[in-house]
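Here's a quick briefing for anyone meeting this structure for the first time. Have a look at it, then read on.

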Amino acid sequence: ARRQRQMCIRDRVWPQLDSRTRQLLEDKYVLNMSDAEIASALGVKPSSVRMLLTRARSKARKAIEKKM
(Lines give C-alpha, C1' and ligand atoms only; values in the text may rest on other atoms or scores of the structure.)
Protein backbone atom coordinates (compact mmCIF):
# COMPACT_ATOMS: atom_id res chain seq x y z
CA ALA A 1 0.00 0.00 0.00
CA ARG A 2 2.82 2.42 0.87
CA ARG A 3 4.64 1.72 -2.38
CA GLN A 4 1.45 2.28 -4.38
CA ARG A 5 0.89 5.58 -2.58
CA GLN A 6 4.46 6.67 -3.33
CA MET A 7 4.04 5.77 -7.00
CA CYS A 8 0.74 7.65 -7.19
CA ILE A 9 2.30 10.76 -5.66
CA ARG A 10 5.29 10.49 -8.00
CA ASP A 11 3.05 10.10 -11.03
CA ARG A 12 1.12 13.24 -10.11
CA VAL A 13 4.18 15.33 -9.17
CA TRP A 14 6.70 14.26 -11.83
CA PRO A 15 5.00 16.12 -14.72
CA GLN A 16 4.97 19.33 -12.67
CA LEU A 17 8.76 19.38 -12.37
CA ASP A 18 10.85 21.10 -15.03
CA SER A 19 12.87 18.87 -17.36
CA ARG A 20 16.23 19.60 -15.74
CA THR A 21 14.91 18.73 -12.29
CA ARG A 22 13.41 15.50 -13.59
CA GLN A 23 16.65 14.63 -15.40
CA LEU A 24 18.79 15.25 -12.32
CA LEU A 25 16.57 13.14 -10.09
CA GLU A 26 16.29 10.37 -12.66
CA ASP A 27 20.05 10.28 -13.28
CA LYS A 28 20.82 10.12 -9.57
CA TYR A 29 18.05 7.93 -8.17
CA VAL A 30 16.82 5.83 -11.09
CA LEU A 31 20.00 5.38 -13.12
CA ASN A 32 22.28 5.53 -10.03
CA MET A 33 24.76 7.81 -11.79
CA SER A 34 27.55 9.32 -9.72
CA ASP A 35 27.88 13.07 -9.27
CA ALA A 36 30.89 12.95 -11.61
CA GLU A 37 28.87 11.18 -14.31
CA ILE A 38 26.02 13.65 -13.99
CA ALA A 39 28.47 16.55 -14.05
CA SER A 40 30.04 15.24 -17.24
CA ALA A 41 26.63 14.80 -18.89
CA LEU A 42 25.57 18.34 -17.92
CA GLY A 43 28.92 20.01 -18.49
CA VAL A 44 29.21 21.27 -14.90
CA LYS A 45 31.48 20.61 -11.91
CA PRO A 46 30.63 17.72 -9.54
CA SER A 47 30.23 20.24 -6.70
CA SER A 48 27.60 22.01 -8.81
CA VAL A 49 25.73 18.73 -9.21
CA ARG A 50 25.38 18.42 -5.45
CA MET A 51 23.83 21.90 -5.25
CA LEU A 52 21.58 21.20 -8.26
CA LEU A 53 20.41 17.95 -6.63
CA THR A 54 19.69 19.77 -3.37
CA ARG A 55 17.54 22.25 -5.28
CA ALA A 56 15.87 19.47 -7.30
CA ARG A 57 14.96 17.53 -4.15
CA SER A 58 13.58 20.73 -2.62
CA LYS A 59 11.41 21.39 -5.69
CA ALA A 60 10.16 17.80 -5.64
CA ARG A 61 9.42 17.98 -1.89
CA LYS A 62 7.46 21.20 -2.30
CA ALA A 63 5.45 19.74 -5.19
CA ILE A 64 4.67 16.64 -3.10
CA GLU A 65 3.58 18.75 -0.13
CA LYS A 66 1.19 20.68 -2.38
CA LYS A 67 -0.40 17.39 -3.51
CA MET A 68 -0.91 16.00 -0.02
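This is a predicted model: local features need pLDDT of at least 70, side-chain atom pairs count only at pLDDT 80 or more; totals for chains, interfaces and linings use all residues.

In helix α2 (residues 19–30), the buried residues are Thr21, Leu24, Leu25 and Asp27. They sit on the same side of α2, because they cover an arc of only 160° around the axis, the arc being that of the directions from the helix axis to the C-beta atoms.

Residues are numbered from 1 along each chain as its sequence is written, and side-chain values use heavy atoms, with hydrogens and water left out.

**The overall picture**

- The protein chain has four helices and zero strands; helices (H or I, at least four residues) and strands (E, at least two) are DSSP runs, numbered from the N terminus.
- Of its 68 residues, 25% count as buried.
- The chain exposes about 5100 Å², with carbon and sulfur atoms supplying 51% of it; these areas come from the Shrake-Rupley method with a 1.4 Å probe, and for residues, only the protein chains shown count as cover.
- Take the contacts (heavy atoms within 4.5 Å) between residues at least 6 apart in sequence: 53% of them join residues at least 24 apart.

- Aspartate 18 caps the N-terminal end of α2, with a side-chain oxygen 3.2 Å from the backbone nitrogen of arginine 20.
- Just past α2, asparagine 32 has a positive phi of about 55°.
- Threonine 21 counts as buried because its relative accessibility is 3%. Neighbours within four places in sequence aside, threonine 21 is in contact with Ala56 and Lys59.

**The nonpolar core**

- The largest nonpolar core has 13 residues, and those with the most contacts inside it are Leu17, Leu24, Leu25, Ile38 and Val49. Such a core is a set of buried Ala, Val, Leu, Ile, Met, Phe, Trp, Tyr and Cys residues joined through side-chain atoms within 4.5 Å.
- Helices α2, α3 (35–42) and α4 (46–67) are the elements that give two or more residues to this core. The largest share, six residues, comes from α4.
- Valine 49 touches Asp35, Ile38, Ala39 and Val44, not counting residues up to four places away in sequence.
- Over in helix α4 is leucine 52. Its C-alpha atom is 9.7 Å from that of leucine 25, 27 residues apart along the chain.

**Salt bridges**

- There are three salt bridges in the structure, each a side-chain nitrogen of Lys or Arg within 4 Å of a carboxyl oxygen of Asp or Glu.
- Aspartate 18 and lysine 59 meet in one of them (3.3 Å, N to O). This pair links distant parts of the chain, with aspartate 18 in the loop between α1 (2–13) and α2, and lysine 59 in helix α4, 41 residues apart.
- Aspartate 35 pairs with lysine 28, their closest N and O atoms being 2.9 Å apart. Aspartate 35 counts as buried, at 16% relative accessibility.
- Arginine 50 also forms a salt bridge with aspartate 35, at 3.6 Å between the closest N and O atoms. Put together, Lys28, Asp35 and Arg50 are linked in a network of salt bridges.

Conventions: Buried means under 20% relative accessible area, exposed over 50%, partly exposed in between (1.4 Å probe, protein chains only). A polar contact is a pair of N or O atoms within 3.5 Å; within protein, one must be able to donate a hydrogen and the other to accept it, and residues adjacent in sequence count only if both atoms are side-chain atoms.
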